[in-house]
Amino acid sequence: MSSVAGTSLPVVLPEGYALVEAPHPASLDDPDAWAYRAVADVAREIELETHGYDDLAVRPRDVLSGMDHQEYEAKRRFVVLRSAAARALAEDGARPAVHDVVAHLYVGRPLTSNEHLGEAYAFVRPAERGRGIGSALLDLGERLNLDAGRTVLFSDTSHGVEPPPGPGALEATTGAGRVPADAPGPRLLRSRGYVLEQVERHSVLDLPVPRETLDAHRDAARERAGDDYRLHTWTDEVPDAWLDQVALLFTRMSTDAPTGGVDYGEDPWDARRVRIWVGEQAERRNGFLVTVAEHVPTRTLAAFTVFAYPRERDDFAFQEDTLVLREHRGRRLGMLVKVANLDALAVERPATRRVHTWNAQENDHMLAINVALGFRPAGVWAAWQRRTAPAQDRA
Ligand SMILES: CC(C)(COP(=O)(O)OP(=O)(O)OC[C@H]1O[C@@H](n2cnc3c(N)ncnc32)[C@H](O)[C@@H]1OP(=O)(O)O)[C@@H](O)C(=O)NCCC(=O)NCCS
């Protein structure tokens, strides 16, 4: 048994391991950055295990910037150390080596919306599994969230392959999407009462997309959209004049993208939050491209799509949010902005070879656009939820 520094919370870890709350360094050059560097190393090891590549692994800079920004979510990170390293840290201030960190836990609570939710994600290096470390970490995350009054517990798992329907597969409550029932994450979460509420398809688009494919989709989408829409593409910025409207598009992402059985309500954005998001991309040394469709007669933004990518790796990019406002749907604006953003990406980052994206398995319209562009399935991401009180009892 050990306890979390600064609290009396008990954590029952197996013999030989100790828990420490990750210190928050001023920069990655600070000796106290050891924990965030180790978190990224554990993440990378698990990504290599899951997918065979590390494109999706958080980097130390992502961890630092993420923890710097607590405007919209209260966040804590904990690491599990080998006992000898924990002792050397406590007694002599000796910073642990990366491989002395065997596991980590992220605990988050949204602050400005969805205040019933509490998130906890545990990650254990493959060689250290099956000893009770993952269970102890999830216990701690749940306890912290429940003590803070959260009534719906949320976690996730990732899988490199979606299993075919059958006895080895567990289906989401949406009826769309499956995970391997016997994989460690699903086993751990199910045994603690979590329900698989949604599965997202992870897809990859190999670049370059053939010129004829892009031309055909661009022409068809332009014809359907008519003359009322004008496209703008912004690199690494959102112009001040459009901040409020981009905030509305981000807000609509939280209500209009399907969330399956996950108890997730509107998450409002404003101009300040868009500015913070732009700043975070710079802190993480990410570049980004936003293409929007302006409805010219009303000077409002009808649609947007976003690519983000790490500057130090030019071989991949992430297709992030895409949304068409309800009143502008059915005019192929989703395809129009996506093709324009792909055109911009080819100019901005000609060396990029693949784009990763995630879409709810039940999101037929978005998946249809992506499949038409050439995205292929590359795994699944699963959303798990445990309700601890009836929905009507929530504040
Ligand atoms: C899920 C994970 C955190 C479990 O860590 P761990 O330290 O091995 O966990 P524990 O030793 O406490 O075991 C907890 C449960 O995990 C499952 N599990 C552990 N090892 C397993 C294995 N080799 N195969 C299948 N399931 C396994 C079992 O259900 C186990 O409970 P049981 O022993 O009562 O059957 C770890 O496998 C991991 O990091 N996976 C990748 C990240 C992830 O999926 N996290 C999601 C949970 S928040």
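The C-alpha centres of domain 1 and domain 2 lie 30 Å apart. Domain 1 covers residues 2–201 + 384–393 and domain 2 covers residues 208–352; these bounds come from an automatic or database domain assignment. The contact between them (heavy atoms within 4.5 Å) takes 23 residues from domain 1 and 25 residues from domain 2.

This is a predicted model, in which local features need pLDDT of at least 70 and side-chain atom pairs count only at pLDDT 80 or more, while totals for chains, interfaces and linings use all residues. Residues are numbered from 1 along each chain as its sequence is written, and side-chain values use heavy atoms, with hydrogens and water left out.

The two domains bury about 2,100 Å² between them, 44% of it on carbon and sulfur atoms. Buried area here is the accessible area (1.4 Å probe) that two parts lose on being put together, summed over both. On the side of domain 1, Arg59, Arg61 and Tyr72 lose the most area to domain 2, and together they account for 28% of what that side buries.

Across the interface of the two domains there are 5 salt bridges, a salt bridge being a side-chain nitrogen of Lys or Arg within 4 Å of a carboxyl oxygen of Asp or Glu. Arg313 forms a salt bridge with Asp55, with the closest N and O atoms 3.2 Å apart. The interface of domain 1 and domain 2 also has 16 residue pairs in polar contact, both residues at pLDDT 80 or more. A polar contact is a pair of N or O atoms within 3.5 Å; within protein, one must be able to donate a hydrogen and the other to accept it, and residues adjacent in sequence count only if both atoms are side-chain atoms.

Among the elements that give two or more residues to the side of domain 1 that touches domain 2 are helix 2 (60–68) and strand 7 (152–159). Helix 2 gives the most to that side, with 4 residues. Helices (H or I, at least four residues) and strands (E, at least two) are DSSP runs, numbered from the N terminus.

The protein chain as a whole has 10 helices and 16 strands. Its C-alpha atoms fill a box of roughly 70 × 45 × 40 Å, taken along the principal axes.

Two local features lie in loops. A cis peptide bond joins Leu207 and Pro208, with omega about 0 degrees; Pro208 is in the loop between strand 10 and helix 6 (211–225). Asn114, a residue other than glycine, has a positive phi near 50 degrees, and Asn114 lies in the loop between strand 5 (101–110) and strand 6 (117–124).
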